[in-house]
Amino acid sequence: MQSRQLWAASVGLMAFLALAGFALDRAFQSTAQSGMRERLHSYALAYAGSDFARDGSVIPPWDPPDARFKRPGSGLYAQIVLTKGQWESDSAQGPKLPDGPMLPPGKQAFEGPLPLTQINGQPGQVYRYGYGLALSENDETAGEIPYTVYILEDSTALGRQVATFRTALWRYLGGAGVVLLLLQMWVLRWSLRPLRDVIGELKRVQAGNAAGMSEAHPRELEPLTDSINAFIHSERENLERQRNTLADLAHSLKTPLAVLRSRLDSDTGEQELRAEVDAQLRRMNDLVSYQLARAARSGHQLFAAPIEIEPQAEQIVVGLEKVYAAKGVLCEFEIASEARFHGETFDLQELLGNLLENAFKWAKSRVLLTVTEGEKVADRRPGLVVTVEDDGPGIAEDRIAYVLQRGVRGDERVQGHGIGMSIVQDIIKSYRGQLQVGRSQELGGAKFEVQLPPGL
């Protein structure tokens, strides 16, 4: 990922520097040509004041605006185009200047580069500035003498300026590019360091040198590290739960096996032995069924799709109304439309089924199921609060702890029945929730409130 980002950023940086260099180069050339135009314009104004003899020949200024106009082949040339012929400065002796057309008075023209044959016969190029003028005659015709002043300059000087600028430009841009690339590499390594830290911690967890991910991570990585910790914790809980289930099953089977062994070693009659074996086999079958049901109801998927609660509750209540039809119990729902259970459907059915069945069993005529969203935390799914109330006798405060104990109800291990509130507590514990038991303020009977915390 770091290499891809570095390559992408480098290509973008190189493209930007290339475009910036091209734009600066074009801007400098335009500026240099504009400066040359202004300079040639000032020379043209100096020659625009030239005098004319009676025969129409040009009398140039005694002192030219630049000494190069007097030096043959200097690279700076003056040319005055007349109706009948033209005049050229001393610097034009040798080179063959390009012919310039007569321009209308007041018109200016800047063009180039134009071809030029130098003194040594080698080809060259010049930039040319032209200025159209007209001189009024003093005779009776009162006419005008049109003429055009051309100033030409060799393109070598401008080329040297552009070459010097380009050399400096690309040197500085190249240096800036190298510095920016190094800075970019440092920034990428610094910005991706938290990911490398996460990878390092994962390796330590895999090697068994750490129990989980630490909390010293940026805010953007907290959902990832929290999910990893939750997954690790869930896996360890499942492993511990499986070990406990096997240990409980082994411990539970020790007693009936010991009874069978003692009966076999004694002088018990055949009928009595058969009855004892049958009883102990039923007991062991109940123990195995109980432990398997307990294991099946333990744990849940860490990342589960949200489940609507009302359809599940209606299905359960329809069945309970048939079972307790003689009592005529009415069950009411107050379920928030946005409330969802994030877990396994079987867990929701077991949770609601045991709570509602307990309420139907003890209610006189009314049961109330209330479901609302619980605590909300940013970037996490909201919690859930499930409350089941009835109008029965309720539970005395000093009996609540006893009712919630495991193995205190006689029907927990009977085949075909659930294991009651112990199942509810196991499910709530697997979702890291809480169960509160009290008295209903609205109906007067028992109130069971399940609070599930926000999920990942």
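I take contact to mean heavy atoms within 4.5 Å. With that in hand I looked up L356, which touches I316, V317, L320, C331, V367, L369 and V388, leaving aside residues up to four places away in sequence. I keep in mind throughout that this is a predicted model.

**Entry: the chain as a whole**

I counted nine helices and 14 strands in the secondary structure of the protein chain. The chain has 456 residues, and 38% of them count as buried. I then looked at contacts with a separation of 6 or more: 62% of these join residues 24 or more positions apart. For the accessible surface I noted about 26,800 Å², with 54% of that belonging to carbon and sulfur atoms.

**Entry: the cores**

Which residues touch the most other members of the largest nonpolar core? I found L352, L356, V367 and L369, in a core of 41 residues. I went on to list the elements that each supply at least two residues of this core: α6 (310-323), β9 (330-335), α7 (345-362), β11 (366-373), β12 (384-390), α9 (421-430) and β14 (446-452). The largest share, seven residues, comes from α7. I also found a second, separate core, which has 24 residues and includes A44, F52, F69 and I80.

**Entry: the antiparallel sheet**

I traced an open sheet of five strands in the order β4-β3-β7-β6-β5, and its pairing is antiparallel. β4 (85-88) and β5 (108-117) stand at the edges; each has a single partner strand, so one side of each is left without a neighbour in the sheet. On average, neighbouring strands here are turned by 25° against each other, direction ignored.

I then went through two of the pairings. β6 (residues 123-136) and β7 (residues 144-154) run antiparallel and are joined by eleven bridges. Within this pairing I noted that G130 has Y150 in β7 as its bridge partner, and that Y127 stands opposite E153 in β7. Helix α2 (residues 155-191) packs on the sheet, where it touches β6 and β7, and its direction makes about 45° with that of β7.

**Entry: E153**

I stopped at E153, which lies in strand β7. Is E153 buried or exposed? Its relative accessibility is 4%, so E153 counts as buried, the cut-off being under 20%. The side chains of E153 and R39 are joined by a polar contact of 2.9 Å. I listed the residues that E153 touches, again leaving out those up to four places away in sequence: M36, R39, L40, R68, G75, L76, Q125, V126 and Y127.

I traced another open sheet of five strands, in the order β9-β11-β12-β14-β13, and its pairing is mixed. At the edges stand β9 and β13 (434-439), each with a single partner strand, so one side of each is left without a neighbour in the sheet. Neighbouring strands of this sheet are turned by 15° against each other on average, direction ignored.

How many bridges pair β11 and β12? I found seven, in the antiparallel sense. In this pairing E373 stands opposite L384 in β12. I also checked α9, which lies across β13 and β14 and runs at about 135° to β13.

**Entry: R189**

Last I looked up R189, which lies in helix α2. At 45% relative accessibility, R189 counts as partly exposed. R189 and L6 are 183 residues apart in sequence, while their C-alpha atoms are 9.9 Å apart in space.

Methods:
Residues are numbered from 1 along each chain as its sequence is written. This is a predicted model: local features need pLDDT of at least 70, side-chain atom pairs count only at pLDDT 80 or more; totals for chains, interfaces and linings use all residues. Side-chain values use heavy atoms; hydrogens and water are left out. A nonpolar core is a set of buried Ala, Val, Leu, Ile, Met, Phe, Trp, Tyr and Cys residues joined through side-chain atoms within 4.5 Å. Buried means under 20% relative accessible area, exposed over 50%, partly exposed in between (1.4 Å probe, protein chains only). Helices (H or I, at least four residues) and strands (E, at least two) are DSSP runs, numbered from the N terminus. Two strands pair if DSSP finds at least two bridges between them. Axes are lines fitted to C-alpha atoms, for helices over the stretch in contact, and angles run from 0 to 180 degrees between N-to-C directions. Accessible areas come from the Shrake-Rupley method with a 1.4 Å probe; for residues, only the protein chains shown count as cover. A polar contact is a pair of N or O atoms within 3.5 Å; within protein, one must be able to donate a hydrogen and the other to accept it, and residues adjacent in sequence count only if both atoms are side-chain atoms.
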